[in-house]
Amino acid sequence: MASDVLLSQAKTLSGQAEALLAESQALEQSLLTLSHETAASGHAGVEPLYFGITVLILACFVGYYVVWRVTPALHSPLMGVTNAISSVIIVGALIAAGPADLGFAQIMGFLGIVLASINIFGGFIVTQRMLAMFKRKGR
């Protein structure tokens, strides 16, 4: 009797497995169709503009909380790191401004070079003044 029950349960499970296989194949086919339609319409993934704006907004929040929570003792090293980041920005801006043909990327690259240079030199001046405050008067 137990073998008849097991055989019946096995047949039931086999039927359910076949139905599940057919359903998964139909789902796979509909997903493939949907992905081909999405790729054909040009809407694959997240729009780069929305992604960039999201990263900018998150970076603003993180930067705000990092800078305003810094203790005065760590302000000078933070300025030094900011200057290092600006130097990396200059490298990227030089790459963008490098090609000979004039376009939007070259103009923005040049603007990036100018603004990052102001940030670097101004940061070094401020850091130099802050460090001068810690020097002894006799020296």
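Trainee: What is the relative accessible area of Tyr-64?
Mentor: Tyr-64 counts as partly exposed, a class lying between buried, under 20% relative accessible area, and exposed, over 50%, with a 1.4 Å probe and protein chains only. The model is predicted, so local features need pLDDT of at least 70 and side-chain atom pairs pLDDT 80 or more, while totals for chains, interfaces and linings use all residues. Residues are numbered from 1 along each chain as its sequence is written, and side-chain values use heavy atoms, with hydrogens and water left out. For Tyr-64, the relative accessible area comes to 47%.

Trainee: Which helix gives the most residues to the lining of the largest pocket?
Mentor: A pocket is an open set of points on a 1 Å grid over the protein atoms alone, where a 1.4 Å probe fits and protein lies on both sides within 12 Å along at least five of seven lines, and lining residues have an atom within 4 Å of a point. The lining of the largest pocket includes Val-66, His-75, Met-79 and Asn-119. Two or more lining residues come from each of H2 (48–68), H3 (75–97) and H4 (104–133), helices being DSSP runs of H or I with at least four residues, numbered from the N terminus. With seven residues, the one that gives the most is H3.

Trainee: Which residue has its backbone nitrogen reached by the side chain of Gln-106?
Mentor: Gln-106 lies in helix H4 and is buried, with a relative accessible area of 12%. Leaving aside residues up to four places away in sequence, Gln-106 touches Ala-96, Ala-97, Pro-99 and Asp-101, where contact means heavy atoms within 4.5 Å. At 2.8 Å, the side chain of Gln-106 reaches the backbone nitrogen of Gly-103.

Trainee: How far apart are the C-alpha atoms of Ser-30 and Ile-89?
Mentor: Ser-30 sits in helix H1, residues 2–41, and is partly exposed at 39% relative accessibility. A polar atom of the Ser-30 side chain lies 2.8 Å from the backbone oxygen of Leu-27. Ile-89 is 59 residues from Ser-30 along the chain, and the separation of their C-alpha atoms is 45 Å.

Technical notes. Polar contact = N/O pair within 3.5 Å; in protein donor to acceptor, adjacent residues only side chain to side chain.
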